[in-house]
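The sequence and model are shown first.

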Amino acid sequence: MSFLEEKPPWSKGQIEKLGQAIRTENEYNTALFNDFMRQQTRLIAEIEPIIQEVLSASTLTEAEDDEEVSPNSGRYRYSSRVKIYRTLVEKIKRMTTTPMHRIQDISGLRVDFDGTHDVQDEIASKLQEAMKSAGATKVKSVDLRSGEHAGYRALHLHVDFPAGKAEIQLRTAFQAQWANLYEVAADIFGRQIRYAQWDLGLNEDQRNFVIGLQDLSESIHGFELSRQAIRGRQRLDNLSGDLTAPVAANNTQANELYGRIEAMLDKLRDLRET
């Protein structure tokens with residue numbers, strides 16, 4: 001039996017009790033907590049080769065450290081992390097009724113890639129098959145591309161193994177760049193901008209800036225839908241010569257989006273310094 005198919009030595013009830021103690025700021029079993037977090041780290045290490053195998057069979061190339069994952073780059077970048085103590089405690093307290101053993105993203109894995117929404121769906125489908133073959137008892141696709149979560153867009157896979165839960169984020173190049181930009185803003189304005197009451201405590205200038213970020217997300221979504229439509233026509237009739245004008249317009253739009261991202265990032269850097 002593989003690690004992923006083997007249940008850990010503790011019960012769900014023990015982890016629920018652990019999470020409740022953390023939530024209420026009472027004393028908790030630190031040895032159990034450390035064992036649980038080591039399990040999460042091992043979980044990532046065991047899932048990572050499955051993801052890499054799926055990606056290596058694609059037409060994408062893994063980006064080097066100094067290479068950008070951008071539209072038309074043909075690249076992807078894989079990363080992973082286990083939540084640090086502070087962010088885990090924040091999440092446990094924020095999710096007031098969710099037992100700790102049911103939190104999906106304590107172990108998080110991410111793939112940022114150059115591709116359309118169709119490519120995103122294809123990678124997700126292949127990862128679902130691979131995870132089930134590796135012993136996953138449940139793999140659920142969560143489509144967040146509507147942008148209803150403060151503008152954040154991605155496709156997530158919630159993966160349950162007997163060994164534990166993990167979340168795999170699949171983001172297109174622009175979805176990733178926007179999310180990274182929004183994280184910088186959250187560090188400056190407060191992490192509440194990622195949630196329902198995003199404007200809590202913001203002054204007018206800060207509120208307008210965050211609204212601008214959310215508008216940028218809408219523009220990126222429009223660009224990606226346009227790009228997908230062009231790629232779909234190319235595959236359907238192979239009349240690339242007839243698509244010169246829309247391809248050029250799409251590329252111009254991409255450059256404009258890059259300009260907006262850079263301008264907003266420069267503004268955030270100035271705000272951070274002051």
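Leaving aside neighbours within four places in sequence, with which residues is Asn 250 in contact? They are Phe 223, Ser 226, Arg 227 and Ile 230, where contact means heavy atoms within 4.5 Å. The model is predicted: local features need pLDDT of at least 70, side-chain atom pairs count only at pLDDT 80 or more, and totals for chains, interfaces and linings use all residues. Residues are numbered from 1 along each chain as its sequence is written, and side-chain values use heavy atoms, with hydrogens and water left out.

Asn 250 belongs to helix α7 (residues 244-273); helices (H or I, at least four residues) and strands (E, at least two) are DSSP runs numbered from the N terminus. Its relative accessibility of 6% makes Asn 250 buried (buried is under 20% relative accessible area, exposed over 50%, partly exposed in between; 1.4 Å probe, protein chains only).

Salt bridges (a side-chain nitrogen of Lys or Arg within 4 Å of a carboxyl oxygen of Asp or Glu) number 18.

| Pair | N to O distance |
|---|---|
| Glu 46 and Arg 42 | 3.0 Å |
| Arg 145 and Asp 121 | 2.8 Å |
| Arg 194 and Glu 183 | 2.7 Å |

Arg 145 lies in the loop between β4 (138-143) and β5, and Asp 121 in helix α4, so this pair ties together parts 24 residues apart in sequence. Arg 145 is buried at 10% relative accessibility, whereas Asp 121 is partly exposed at 33%.
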